[in-house]
Amino acid sequence: MENYYIKTFGCKLNVADSFACEKVLKKFLLSSSEEEADLILVNSCGVIDKTERKVIKKIKEYKKQEKFVILTGCLPYISDKKLDKIADKVVKIRDFKKIKVILENITGKKECSGGVDDLKVPTSAIISIAEGCLGNCTYCGTKLARSVLKSKKQENVLKEVNYFLERGVKEIQITSQDLAVYGMDRGKQELPELLEKIISIDKFFRLRLGMTNPGHTKRILPELLKIYESKKIYNYIHIPVQSGDDKILKKMNRKHTVLDFIEICNSFYEKFSNFIIATDIIVGFPEEDEENFKKTYNLIKKTRPHIVNITRFSPRSRTKATEMKDMPQKIKKERSRKLNRLTKKIRIEQNKESKGKKHTVLISKKGKNNTLIARLPNYKALILKQGELGDYKKAKVTGYEHNYLKGKLL
């Protein structure tokens with residue numbers, strides 16, 4: 001066995017975990033393509049049934065190709081299936097010691113390479129600053145996998161940030177299940193303090209914040225608004241509201257109200273022009289009637305988030321929502337389609353307003369068909385036909401689709 005490949009499903013937190021796993025794999029095996037790898041590490045997500053089916057199907061494909069599969073991530077904590085009968089080894093999240101033992105046994109050797117410094121450092125790096133959250137949402141399977149809040153020490157986060165910046169990374173993405181609760185396991189919301197320290201680093205880079213739940217975000221809103229004045233931070237925030245009806249939010253056991261979400265949106269819109277808000281919506285949650293859904297639809301229409309991640313409710317085993325009466329899939333599909341049409345219309349209108357404008361963009365990664373993906377100061381994707389990865393360039397928006405902009409360098 002000589003080569004490995006990491007297949008990642010799920011959120012930015014899983015991507016950060018995959019990079020951490022790679023530090024171990026690199027000490028025993030060589031990185032290669034998915035097709036050529038002898039060993040596949042599958043970092044899984046189990047947020048909905050559809051994702052679980054997708055992960056399991058992929059593992060079975062690997063096994064047919066006679067690859068050795070290590071399964072990690074959230075799914076082992078959530079699934080009712082006997083995953084150890086599907087994958088060769090099942091490992092808990094970030095159990096690097098077990099991964100190391102597995103690799104020693106199957107390769108017959110000890111650590112043999114330089115490790116982390118041999119990794120290909122990308123233009124953009126994702127850093128997890130905490131695991132777990134303080135919520136207890138009735139539908140959430142992730143809580144079964146990442147339960148108790150464990151925040152990294154600020155000095156350790158800063159070491160990671162500096163590590164990547166020293167190696168030429170131009171974009172830092174910080175992530176966790178809820179950034180707003182960072183440090184509360186130590187008795188204080190430390191996110192503003194951490195962000196101040198990150199943006200004070202004497203290098204120019206772009207900083208993208210991950211998900212922050214509305215209830216805890218509201219408590220640090222004045223500090224966040226001040227910090228967002230920095231040119232280093234993308235004018236972008238991900239605030240998952242999940243429903244536009246307070247009755248449904250209570251059924252979900254969410255710790256915020258619809259008005260909390262509206263206040264946060266309005267605060268950012270009033271202070272910053274062209275600010276991007278991303279949110280999440282679950283349609284078809286138990287007891288969501290037409291009036292409840294209408295409130296959700298009208299909330300999106302009013303607050304106009306640029307990105308809306310729409311999920312049809314899917315009960316997960318061992319969550320409280322499984323005890324609630326589910327509704328027909330037909331209703332969920334109708335509501336998700338209606339909401340998708342609205343969000344697409346909003347994106348097109350917003351992207352149309354961007355045409356002709358000039359921005360300093362960061363060329364962050366390769367796109368399809370020999371294109372490059374650059375990011376505007378508000379994190380919108382701009383597709384370019386020329387440029388170099390990692391460059392900051394002046395560009396003009398020349399066109400748009402519903403989910404990206406088209407542009408050219410000036």
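Q: Where does Ile248 lie, and why is Ile248 called buried or exposed?
A: Ile248 is in helix α10, residues 246–252; helices (H or I, at least four residues) and strands (E, at least two) are DSSP runs, numbered from the N terminus. Buried means under 20% relative accessible area, exposed over 50%, and partly exposed in between, with a 1.4 Å probe and protein chains only. Ile248 has 0% relative accessibility, so Ile248 counts as buried. The model is predicted: local features need pLDDT of at least 70, side-chain atom pairs count only at pLDDT 80 or more, and totals for chains, interfaces and linings use all residues. Residues are numbered from 1 along each chain as its sequence is written, and side-chain values use heavy atoms, with hydrogens and water left out.

Q: Which residues does Ile248 touch, not counting residues up to four places away in sequence?
A: Contact means heavy atoms within 4.5 Å. By that rule Ile248 touches Ser243, Phe285, Pro286, Glu287, Glu288 and Asn292.

Q: Why does Arg304 count as partly exposed?
A: Arg304 has 28% relative accessibility, and therefore counts as partly exposed. Arg304 is found in the loop between α12 (290–303) and β13 (307–312).

Q: What makes Tyr228 and Phe268 an aromatic pair, and of which kind?
A: Rings of Phe, Tyr and Trp (its six-membered ring) pair if their centres lie within 6.5 Å; planes under 30 degrees apart count as stacked, over 60 as edge-to-face and the rest as tilted. By this rule there are 14 aromatic pairs. The rings of Tyr228 and Phe268 are 5.2 Å apart centre to centre with 75° between the planes, an edge-to-face pair. Tyr228 is in the loop between α9 (221–227) and β11, and Phe268 is in helix α11 (residues 258–271), 40 residues apart. Tyr228, Phe268, Phe272 and Phe275 form one aromatic cluster.

Q: How do you know that the charged end of Arg375 sits over the ring of Tyr379?
A: A charge sits over a ring if NZ of Lys or CZ of Arg is within 6 Å of the ring centre and within 35 degrees of the ring normal. The charged end of Arg375 is 4.0 Å from the centre of the Tyr379 ring and sits over that ring.
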